[in-house]
Amino acid sequence: MAKNSEIKLIGTAASPFVNRVQFVLHLKSIEYEFIDENLASKSELLLKSNPVYKKVPVLLHANKPPIPESLIIIEYLDEIYPDIHPILPSDPLVRADNRFWANFIDNKFFPLFEELRRTPEKEGKEAIKKQLIEGSKLLEEAFVKFSNGKAYFGGDDVGYLDVVLGCFLGWTKFVEKHNEFKIIDEVRTPKLLEWTKRIWSHEALKDAIPRNETLMDFYMMLQINRPPRKATSS
Amino acid sequence: MHQLLNHCLIQISMAKKCEMKLLGSVGSPFVTRVKFALKLKSIDYEYIQEDLANKSELLLTSNPGLQKVPVLFHANKQPMSESLIIIEYLDEILPDVHPILPSNPSDRAQSRFLAYYIDTLYCPWMKEFMLTRESERKEELKRLIIEGSMMLEEAFVKLSKGKAFFGGDEIGFLDIVVGCFLGWIKFFGIIFGFNVIDETRNPRLAQWGKSLWSHEATRSVIPSDEIHMNFFKMLLGFLPPMPDMPIPA
């Protein structure tokens with residue numbers, strides 16, 4: 001048990017980037033204090049700890065400089081506790097490939113969720129739904145490659161991409177319901193669908209995946225603070 | 001001590017036989033970064049020049065999603081893109097030959113964060129500053145770039161711990177990640193009369209710039225002045241000339 005009361009995580013339950021870090025903290029059995037942040041009214045602590053981006057998550061470890069950016073935090077945790085449930089694989093080529101897909105997920109795939117919310121017209125929304133489905137097919141291929149017949153991207157147990165992609169499952173369900181379509185389904189992405197069930201029920205992860213009410217509150221806040229764009233008159 | 005030397009020698013001989021190819025284009029700081037890392041690790045490689053205005057079959061098939069350079073080919077392994085991912089890979093396959101990332105996890109995290117800042121904010125600001133014609137936006141970008149340079153100055157003071165480079169006595173990760181833009185920074189001064197790194201505002205960074213520029217490893221990887229000038233002409237050529245802006249000769 002990696003006891004460390006000096007670790008604090010500034011975050012908000014609805015943020016998948018925060019959930020990702022929580023996944024890793026739980027997998028590595030690291031005790032930490034969760035500092036709940038209200039993103040509509042950011043605290044002094046957050047603004048001081050991440051003055052450049054003013055975003056969560058931020059990891060505070062004893063008196064070291066604060067660490068923002070979920071992927072950077074995960075690599076840090078993996079480096080300070082390398083022997084407890086290693087997150088990244090050991091082979092350099094596979095590590096590079098994992099990092100590449102994390103980049104894809106964060107910069108190409110997940111931004112589509114927000115894009116979908118902010119796009120006002122039906123036509124625009126349909127186009128983005130299509131992109132999400134295309135993206136999920138690429139992720140299905142990636143899963144087949146990385147899992148190599150096993151249960152997770154990381155093989156027999158949860159690894160880097162399980163954490164990096166798995167944190168979006170709450171929002172995936174929410175967006176699917178809200179927009180009446182499936183991003184992950186048994187016809188196009190059967191292996192990924194099976195994998196999502198394992199993530200939802202995994203001992204170390206399930207408690208960090210936010211439930212619908214949390215996401216709905218956050219969604220309403222986004223609708224107010226960053227409303228959908230105005231529809232262009234046709 | 002003997003063991004470490006042995007390790008290094010084995011890795012260096014591996015590096016020489018590495019069968020590395022780098023697909024890049026002239027003037028791209030992201031390609032320069034990878035060239036820097038390859039140089040520091042003593043890795044022999046074949047450089048393949050890409051014309052970004054006329055993308056090759058090789059680029060389109062090896063990096064179909066992004067179609068960007070650099071792309072690293074290592075023997076018959078899967079092609080690798082993204083300069084920062086490539087650098088971490090090179091550091092991991094040859095850990096004992098001129099380590100690039102710092103060894104301390106907290107310093108590594110800070111270094112990675114600054115690299116992220118450079119790639120997601122600082123570099124895009126510089127690029128936009130070059131290309132935007134709206135003078136209000138140009139002023140705002142100038143302000144952001146100046147503020148950013150002060151943040152980088154602070155980071156340099158903390159990470160260099162009194163030595164010549166971000167990496168300490170030797171060139172390290174941030175020296176490469178920030179240093180690859182020194183050519184651009186020089187030309188900003190010439191073309192726009194704007195000193196991104198200024199001796200009064202950023203004294204330590206200014207000194208660092210000189211140390212890095214005159215380092216033997218740098219001279220072999222940073223493109224010549226002429227190449228930079230052509231690169232800027234190409235970028236600026238995408239816009240019609242502005243009445244008040246000097247056209248590079």
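The second largest pocket of this predicted model is lined by 20 residues. Those nearest its centre are A:Pro65, B:Gln110, B:Phe113, B:Ala155 and B:Lys158. The volume of this pocket is about 490 Å³. Three helices each supply at least two residues of the lining: H2 (44–49) of chain A, and H5 (105–131) and H6 (135–160) of chain B. By class, the lining of the second largest pocket holds ten nonpolar, five polar and five charged residues.

**Contact between the chains**

The size of an interface is often given as the accessible area lost when the parts come together. Between chain A and chain B the buried area is about 2,100 Å², and carbon and sulfur atoms give 67% of that area. On the chain A side, A:Tyr53, A:Ile72 and A:Leu93 lose the most area to chain B. Together these three residues account for 25% of what the chain A side buries. The contact takes 24 residues from chain A and 23 residues from chain B.

**Cavities**

A search of the whole structure for cavities of 30 Å³ or more finds two. The table sets out their volumes and the classes of their lining residues.

| Cavity | Volume | Lining by class |
|---|---|---|
| Largest cavity | about 80 Å³ | eleven nonpolar, no polar, no charged |
| Second largest cavity | about 60 Å³ | ten nonpolar, one polar, no charged |

The largest cavity is lined by residues of chain B: B:Ile118, B:Tyr122, B:Met126, B:Leu152, B:Phe166, B:Val178, B:Phe181, B:Ile185, B:Val196, B:Ile197 and B:Leu205. Helix H5 of chain B gives the most to this lining, with three residues.

The second largest cavity is lined by residues of chain A: A:Phe109, A:Phe113, A:Leu139, A:Leu165, A:Phe168, A:Leu169, A:Thr172, A:Ile183, A:Ile184, A:Leu192 and A:Trp195. Helices H8 (169–179) and H9 (190–201) of chain A each supply at least two residues of this lining.

**Chain B and its helix H9**

Chain B has eleven helices and four strands. Of its 249 residues, 51% are buried. Among contacts in chain B between residues at least 6 apart in sequence, those that join residues at least 24 apart make up 67%.

Helix H9 of chain B covers residues 203–214, twelve in number. From its first C-alpha to its last it reaches 17 Å, close to the 16 Å expected at 1.5 Å a residue. Its buried residues are B:Leu205, B:Ala206, B:Trp208, B:Gly209, B:Ser211 and B:Leu212. One of them, B:Leu205, also lines the largest cavity.

B:Lys210 and B:Leu121 are 89 residues apart in sequence, and their C-alpha atoms are 24 Å apart in space.

**Backbone features**

Most residues other than glycine have a negative phi, and most peptide bonds are trans. The following sites depart from those patterns.

In chain A, the peptide bond that joins A:Val56 and A:Pro57 is cis, with omega about 0 degrees. A:Pro57 is found in the loop between H2 and strand E3 (58–61) of chain A. In chain B, a cis peptide bond runs from B:Val69 to B:Pro70, with omega near 0 degrees. B:Pro70 lies in the loop between helix H3 (57–62) and strand E3 (71–74) of chain B.

A:Glu69, a residue other than glycine, has a positive phi near 75 degrees. A:Glu69 lies in the loop between strand E4 (67–68) and helix H3 (70–80) of chain A. With a relative accessible area of 18%, A:Glu69 is buried, because the cut-off for that class is under 20%.

B:Lys161 is not a glycine either, and its phi is positive at about 50 degrees. B:Lys161 lies in the loop between H6 and H7 of chain B. Its relative accessible area is 55%, so B:Lys161 is exposed, the cut-off for that class being over 50%.

Notes:
Residues are numbered from 1 along each chain as its sequence is written. Chains are lettered from A and ligands numbered from 1 in the order in which they are written. This is a predicted model: local features need pLDDT of at least 70, side-chain atom pairs count only at pLDDT 80 or more; totals for chains, interfaces and linings use all residues. Side-chain values use heavy atoms; hydrogens and water are left out. On a 1 Å grid over the protein atoms alone, a cavity is a set of points where a 1.4 Å probe fits but cannot get out, and a pocket is an open set with protein on both sides within 12 Å along at least five of seven lines; lining residues have an atom within 4 Å of a point. Grid points are joined across faces, edges and corners, and a volume is the space filled by probe spheres set on the points. Ala, Val, Leu, Ile, Met, Phe, Trp, Tyr, Cys and Pro count as nonpolar, Asp, Glu, Lys and Arg as charged, and the others, Gly among them, as polar. The expected span of a helix is 1.5 Å times one less than its number of residues. Buried means under 20% relative accessible area, exposed over 50%, partly exposed in between (1.4 Å probe, protein chains only). Contact means heavy atoms within 4.5 Å. Buried area is the accessible area (1.4 Å probe) that two parts lose on being put together, summed over both.
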